Amino acid sequence: MNNSELIAKGSIKEIREAVINGKLHTVELVNCFIQRIKNNRINSFISLYEDNALKRAEELDKKLKNRGKPGKLFGIPYAVKDNIAVKGYEVTCASKMLKNYKATYNATVINRLNDEDAIFLGKTNLDEFAMGSSTETSYFGTTLNPWDNSRVPGGSSGGSAAAIASGESVFALGSDTGGSIRQPAAFCGVTGLKATYGCVSRFGLVAFASSLDQVGPIGRSAEDLELIFSIISGFDKKDTTTKRIENYKVSGPTKRKFNIAYTNDIFSEEISPDIKGNILSILNLLKEEGHNISEVAFNFSKHSVPVYQILSCSEASSNLARYDGIRYGYQTKSYKSLLELYNRSRGEGFGEEVKRRILFGTYILMAKNNALYTSSFKVSRLIRENLENIFTEYDVFITPTTFNPPFKIGEIIDDPIRMHHSDAFTSICNLSGNPGISIPLGLTGNNLPIGMQIIAKRFDENNLFQFAKYIQSITDYHKCLPEEVK
Amino acid sequence: MEINREDIKKSANIAKIYLTQDEISKYMIDLKDMTEEFLDTLKELNISLDTDFDFNTTSLKYTNLRQDIPDNFNNIETIYKNAPKIKNNLFVVPGILRENKK
């Protein structure tokens, strides 16, 4: 593999080795990604910190010359969704409310990546406050899907997924509250992970719905994501919901036979024929390889969206109360009283979708609607129990990541219920806490990416990665790139 | 479930969000559609739509709370820089007693 192929298609391990062996200089590597970002017109980045990245690359080159021990991510450039704090840099959440706001500390995940010698490039676009499935609610404009610029990249981590698909970074961080890593990963033909709730610290992630939010990586393969997960996961005293689990060890190749369940939902008329066809093809291939495959009736994919919306909006209405226009963030110019300052700052600073979700959450939390909130908790528990039952017999559970391939920009932005429907399969994992990974599964007849979701038992990322890596060892779907990146 | 303009105004008032008349009309339709759709879907499961739920059985009970110990923060200047208005190291807010003084 020559250097340009390595940069476009190489794994983290391959790129790191090339840098350490002197085949590729860190500065050259970083410059290449900076040029890709600058030349691209898909609006995947909100901010690019060129000088900082090059300075860091020079420091790492010096470290290598001085025979310092290279970290596990030595010289690897990465991008960060713009709702994760990187000290001294803007964290806008793609909102007018936080335009120009600078983080005063690093998120724990950022410290852990930097400790392994990764290089921060810049911040990627998202739906405002991570509320959306297309990046169309971003204050900084929609990101374009690298496979078809007339279509959305998914969301809310659409900028991160598009950046990986278009070769602008080796990996990127996103956040996933109802599918915000896995849905854009599927729409952009890349791999995205939401780990078990409690595995990855949320310290430094701007809160949307704290009981559902998880930070996670988007990258070129399950192998790369497993390495990132091994670095960013683990207990953090600054996030009391992280668990004291053993340090994750990267798994080796396996020849074991998996017990695989797949949802009967794939026969639903709502699933696009291309997605159904590709999932059935991979299941046939797995059967031929000697794995045990079974269809399972999972009865909650229809119910996960209402439950997710009710619980996440309720939490958001509380979490976003902190934006008062006084201590930080947007402040209205037109006010006569303190109350008017609050009301107008929030009315003018938040976009349409964020206001809709805060209002819905506030409405749900009113005493008269309490039954809707508690009923959602009941269904959430049923979903968790149903998945636990599946994992008493099976290693992994397969669903489509989405019903359809990426939709056109503007196609459903005015229809919140259809937009929410995008989260049906992915939000299951957020409600139950289980880990889920979306892996690419080829293209539709129109050359649009398809994604498949693999779910595993809680805290069983090892099994999840073993299976995802196995599929990527017998197929080449994850190596498909948009024409302009090839 | 009936949602009217007063419900939206009340939610906006609690959430401290100023809405125009057009926004109130739009959100009234959106929230009505969402609530009806969600309620219909949840009813299919035949679970009791009541407030009887033991939250202690959820994952909330597994959260390990840390001790509330004050700590020094040595980066106060950056906090000031993010504030819209600062005077004498204090956040500036409109007076709330002015009318009473008159």
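Buried means under 20% relative accessible area, exposed means over 50%, and partly exposed lies in between, with a 1.4 Å probe and protein chains only. By that scale A:Phe267 is partly exposed, at 38% relative accessible area.

This is a predicted model, in which local features need pLDDT of at least 70, side-chain atom pairs count only at pLDDT 80 or more, and totals for chains, interfaces and linings use all residues. Residues are numbered from 1 along each chain as its sequence is written, chains are lettered from A and ligands numbered from 1 in the order in which they are written, and side-chain values use heavy atoms, leaving out hydrogens and water.

Now the rings. Rings of Phe, Tyr and Trp (its six-membered ring) pair if their centres lie within 6.5 Å; planes under 30 degrees apart are stacked, over 60 edge-to-face, and the rest tilted. The whole structure holds 24 aromatic pairs over all chains. One of them joins A:Phe229 and A:Tyr248, edge-to-face, with 5.0 Å between centres and 75° between planes. A:Phe229 sits in helix 8 (residues 222-232) of chain A and A:Tyr248 in the loop between helix 8 and strand 7 (259-263), so the pair ties together parts 19 residues apart in sequence. Helices (H or I, at least four residues) and strands (E, at least two) are DSSP runs, numbered from the N terminus. A:Phe229 is buried at 2%. A:Tyr248 is buried at 16%.

A:Tyr262 and A:Phe267 also pair edge-to-face, at 6.5 Å and 65°. A:Tyr262 is buried at 11%. Elsewhere, A:Tyr49, A:Tyr78, A:Tyr89, A:Phe120 and A:Phe171 form one aromatic cluster.
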